[in-house]
Amino acid sequence: MPSKPIFSRIPWPPFIVFTVLFVSILSGGIYYFSFEKKILKNEKITELTTTANLKVDRVVEWRKTRIYEIPAIFGHPLAARRFRSLINNPGDRKLANNMREWLTEMSKHKDYYTITVVDRNAKEVLSCGERKTPLSPAELDASLEAMKNKKPYLSNLHSAKPVDIVHLDLNVPLILDNECFGAVFIRIDPGIYLFPMIQLWPSTSQTAESLLVMKKGEEIVFLNNLRFKKDSAMKFRVPLSSTSLPAVAAVKGHRGIFEGRDYRGENVVSFVAEIPDCDWYLIAKIDEAEIFRDINRFRHLVFSIIILLILSSGLAVSLMWYKRYEWFLKREEALSVEKEAIRQHYALFTKYANDAILLANIERKIIDVNERAIELYGYSREEFYEKYVEDLRARETRGSLDKVLKTVEKFGGLVFETSHVSKDGAVFPVEVSSRIINIGGNKFIHAIIRDITDRKAADKSLKESEDKYRLFFENILHCVAVYKPENDGENFVFTGFNAAAEKADNISRDKVLGKRVTDVFPAVKEFGLFGVFQMVHKDGVVRHHPITLYKDHRLTGWRDNFVFKLPTGEIVSVYRDATKEKLSEMELKISEEKYRALVENAGVPIFSINREGVFLVLNSTACRYMNKSAEELTGKTLWDIYPKDTADVYIKTIRKIIDSRKGEIIESKSVKGGNSYYFLTNIQPIFERDGLVISVQCIVHDMTAMKKAEAEKEKYRAQLIQSSKMAALGQMAAGITHEINNPMTIILGNTQHMLSMDSYDAETVQILNEMHDAAQRCRKIILDLLDFSRTKEMIFEPKLVNQLVDKVLGMINLQVELDNSIVTKNYAENLPPAKMSSVHIEQVLVNIILNAGQAMPGGGALTVATRLSEDAKHIEISVSDTGVGMSEEVISRLFEPFFTTKPKGTGLGLAVSYGIIQQHDGSIKAASPGPGRGTTFTIKLPVANT
């Protein structure tokens with residue numbers, strides 16, 4: 001064994017290697033953060049590229065499925081015969097019903113919402129689907145064109161009447177025995193599968209989205225709904241002059257990554273792709289601001305790794321140098337023995353090796369091959385001797401042979417991959433290990449060739465599988481952790497930890513991988529998940545660990561776990577961070593309890609109603625007002641509670657508020673039991689979490705008492721004004737009557753004296769009679785004024801109203817005014833006596849009853865009624881007739897002095913009556929539905945205190 005002088009001198013090679021590694025690692029660490037931004041951007045570009053290409057493939061697959069799947073089904077001879085029978089016999093109801101059921105069942109599982117069968121003249125034979133509409137002339141022309149060409153036709157996305165949504169049309173000609181006898185027209189709703197698939201993003205992102213666009217004229221049309229612009233499908237357009245938009249770049253020929261601004265004006269990085277076989281373009285984009293958000297993460301970890309790599313590289317270089325030197329010494333010792341063994345072994349190896357081996361001279365002519373080469377290429381040994389090395393290479397790779405041989409000669413050998421061709425012209429991939437060897441002073445080309453067709457296929461399959469797994473693992477929204485059991489489940493070691501788990505648990509995978517779960521999450525046993533791991537490890541049954549609070553010195557949060565076992569024996573936990581959900585749930589519960597308590601104790605009716613007028617929630621005050629329980633009212637509609645007219649007004653207002661999203665305050669009136677009730681209702685929209693408005697909240701304030709108070713106030717004000725007017729008129733009347741009464745007495749006396757004389761002719765007597773009648777009329781007015789102005793005190797005593805009314809009716813029953821009228825008495829029994837001056841009340845009743853008789857010149861019905869008031873403090877007397885009635889204007893002036901509607905009336909009777917009732921602390925009022933519909937006078941007198 002030779003000595004090892006490696007430790008007696010400076011090991012320059014490993015020292016140089018270590019120096020290079022040290023400088024490289026240190027430089028890489030120093031410049032890491034300058035390249036971090038670029039790395040993050042490249043990652044997002046890769047994500048955009050992968051997502052866009054995947055969605056392009058999905059869109060192409062979706063279109064191919066629509067173009068080829070349905071024609072294949074309808075083109076089957078059995079289906080075609082049934083369609084032909086249906087078209088030839090449209091009156092066959094059984095066949096039509098069977099075909100309708102089949103087509104309806106098909107549309108349920110697809111995105112077809114209308115299927116229509118037409119005959120060769122494009123006349124509709126059968127139609128089915130959830131939203132059937134007749135075919136437009138353009139759609140019928142498209143069906144005729146499909147039948148003419150005998151080829152299925154899929155239209156572009158469009159929105160046209162009679163269909164009110166964005167859709168595509170698929171026309172499938174029906175062909176049997178090479179004869180086209182009709183077509184099937186299918187409306188396809190892209191909102192069921194295509195648009196949701198386009199909008200779905202594989203990872204969590206606040207700004208990323210993908211969209212479809214196409215060129216139409218000088219504009220770009222956005223085909224699907226946008227993330228930040230609702231209801232935009234086929235409606236939102238931008239001009240071609242907006243060159244900073246990715247959509248404009250797409251239609252102008254740009255493909256791949258494009259940096260610009262999106263439709264919101266935000267800087268974005270996007271990937272632009274073209275959808276084959278149509279004029280659609282797909283754009284996948286994300287905001288630049290989101291890409292560089294986490295650029296400074298893991299700073300301390302990077303520097304720790306730099307130090308660790310420097311130390312590790314020094315140790316590795318030293319160890320490698322030592323092992324290399326030791327191996328070299330052993331190899332030199334065994335070389336002499338191996339040379340002879342190799343020489344003897346080479347002959348057998350060359351002949352029976354699994355790889356093809358050939359030897360060529362420096363002019364590249366083949367001079368020797370082994371059996372495997374003959375088998376692989378299909379040439380005989382003699383045919384090989386006529387070939388050159390380039391003859392074995394595929395035509396497209398022959399040009400690079402010179403460069404390869406120069407590299408082999410320069411470095412003494414080379415292993416590379418290329419493509420070769422066999423005798424029958426089949427091209428296959430090979431791995432070539434080539435070197436230049438010297439035999440007897442001559443150079444030869446020696447090559448070992450391996451057919452790597454199977455390996456390439458396996459590598460491709462493995463890479464695709466790994467790429468899919470890695471893409472799924474890293475981009476799944478849920479957290480995923482993979483564990484390797486240790487000591488048959490005594491503990492579990494992390495072998496996988498995805499990005500979602502890093503974010504949720506606030507820890508990088510570098511601090512997790514290779515560590516025990518109890519070290520990373522010390523409270524996992526108390527949490528209960530560790531026991532689930534052990535059970536799944538033992539029996540392999542998938543288990544769910546429900547939402548539970550995890551808490552240790554570092555982390556606190558709610559987690560929801562599903563645990564299963566892999567065929568490799570590893571345990572996988574798929575979980576999600578339910579902390580926000582739990583906190584929101586708790587906050588919502590507290591908020592709802594506070595809101596419920598506030599609503600329940602508000603003291604006013606509060607309830608919520610949806611757009612259909614259904615009661616959703618009611619407080620106890622609302623239930624008390626409606627005289628029903630919450631169980632009876634919940635789920636009922638406005639029409640179940642209110643009259644139709646009132647419910648219609650309410651629902652119109654509610655729908656207006658839901659559509660406008662603005663509240664209103666409305667006044668309403670209802671009549672119940674003959675009483676009027678007034679309400680002020682504040683109706684406000686209720687906003688859901690997503691901002692939608694589907695119901696309103698109503699807060700009702702009972703304004704009845706306030707309305708009644710205002711009415712009473714107005715009544716008292718009118719009475720005060722009337723009393724003031726009467727007092728003033730009374731004072732004036734008292735003065736006037738005393739001044740006029742004496743002259744009128746003299747006039748009446750002289751006219752009576754002159755009429756008693758017989759010395760006048762007939763004409764003079766007539767004049768004297770007219771003067772006497774006029775003086776009598778003036779005298780009566782003066783007497784009425786005296787009554788109106790009397791201020792002498794009345795004598796009040798308890799009297800029974802029913803007896804008083806009977807006495808008045810007995811006095812005037814023979815009057816001419818009541819000759820043709822029917823008098824009806826409607827007295828309440830057991831009435832207490834009223835406090836009154838009977839003489840004056842008789843005067844009032846006589847005046848009112850005589851007026852009623854005069855209002856019915858042709859006869860009618862007179863009704864006199866008595867009753868006790870609701871407050872039991874007054875006796876009410878009402879006199880109703882069926883006469884000429886009165887207008888509102890007449891009623892408002894009825895008790896004014898000298899106001900009359902009679903040709904010969906003085907207008908003082910009712911004014912006097914009003915004054916009498918006022919002196920009794922009572923009230924008198926008149927009411928009439930209108931001219932020609934009668935009048936009712938109501939008198940209220942206070943009950944006597946007995």
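This report describes selected features of the structure above, from its overall make-up to single residues.

## Basis of the model

This is a predicted model, in which local features need pLDDT of at least 70, side-chain atom pairs count only at pLDDT 80 or more, and totals for chains, interfaces and linings use all residues. Residues are numbered from 1 along each chain as its sequence is written, and side-chain values use heavy atoms, with hydrogens and water left out.

## Overall make-up

The protein has 946 residues, of which 38% are buried. Here buried means under 20% relative accessible area, exposed means over 50%, and partly exposed lies in between (1.4 Å probe, protein chains only). The secondary structure comprises 28 helices and 33 strands. Helices (H or I, at least four residues) and strands (E, at least two) are DSSP runs, numbered from the N terminus.

A contact means heavy atoms within 4.5 Å. Among contacts between residues at least 6 apart in sequence, 54% join residues at least 24 apart.

Strands of a sheet pair through backbone hydrogen bonds, either parallel or antiparallel. In this report, two strands pair if DSSP finds at least two bridges between them.

Strand S4 (residues 168-176) and strand S5 (residues 179-188) run antiparallel and are joined by nine bridges. Val172 has Val184 in S5 as its bridge partner. The loop between S4 and S5 holds Asn178, whose phi is near 60°, a positive value in a residue other than glycine. Most residues other than glycine have a negative phi, and most peptide bonds are trans. Asn178 counts as exposed because its relative accessibility is 61%.

Strand S6 (residues 209-216) is joined by four bridges to strand S7 (residues 219-222), and the two run antiparallel. Val213 has Phe222 in S7 as its bridge partner. The hairpin of S6 and S7 has two residues between the strands, and Gly217 takes a positive phi near 70° there.

S7 is also joined by three bridges to strand S8 (residues 237-239), again in an antiparallel arrangement. The bridge partner of Val221 in S8 is Arg237.

## Aromatic rings

A pair of aromatic rings is described by the distance of the centres and the angle of the planes. Rings of Phe, Tyr and Trp (its six-membered ring) pair if their centres lie within 6.5 Å; planes under 30 degrees apart count as stacked, over 60 as edge-to-face and the rest as tilted. By this rule there are 18 aromatic pairs. The pair of Tyr377 and Phe428 is tilted, because the ring centres are 5.8 Å apart and the planes stand at 55°. This pair links distant parts of the chain, 51 residues apart: Tyr377 is in helix H10 (residues 371-377) and Phe428 is in strand S15 (residues 427-439). Tyr377 counts as buried at 1% relative accessibility, and Phe428 counts as buried at 9%. Tyr379 and Phe384 form an edge-to-face pair, with 5.6 Å from centre to centre and 70° between the planes. Both Tyr379 and Phe384 are buried.

One aromatic cluster includes Tyr483, Phe492, Phe530 and Tyr550. Lys525 lies over the face of Phe530, at 5.0 Å from the ring centre. A charge sits over a ring if NZ of Lys or CZ of Arg is within 6 Å of the ring centre and within 35 degrees of the ring normal.

## Asp287 and its surroundings

Asp287 lies in strand S11 (residues 281-287) and counts as buried, because its relative accessibility is 7%. Its side chain makes a polar contact with the side chain of Arg264 (2.7 Å). A polar contact is a pair of N or O atoms within 3.5 Å; within protein, one must be able to donate a hydrogen and the other to accept it, and residues adjacent in sequence count only if both atoms are side-chain atoms. Not counting residues up to four places away in sequence, Asp287 touches several residues, among them Thr207, Asp262 and Glu266.
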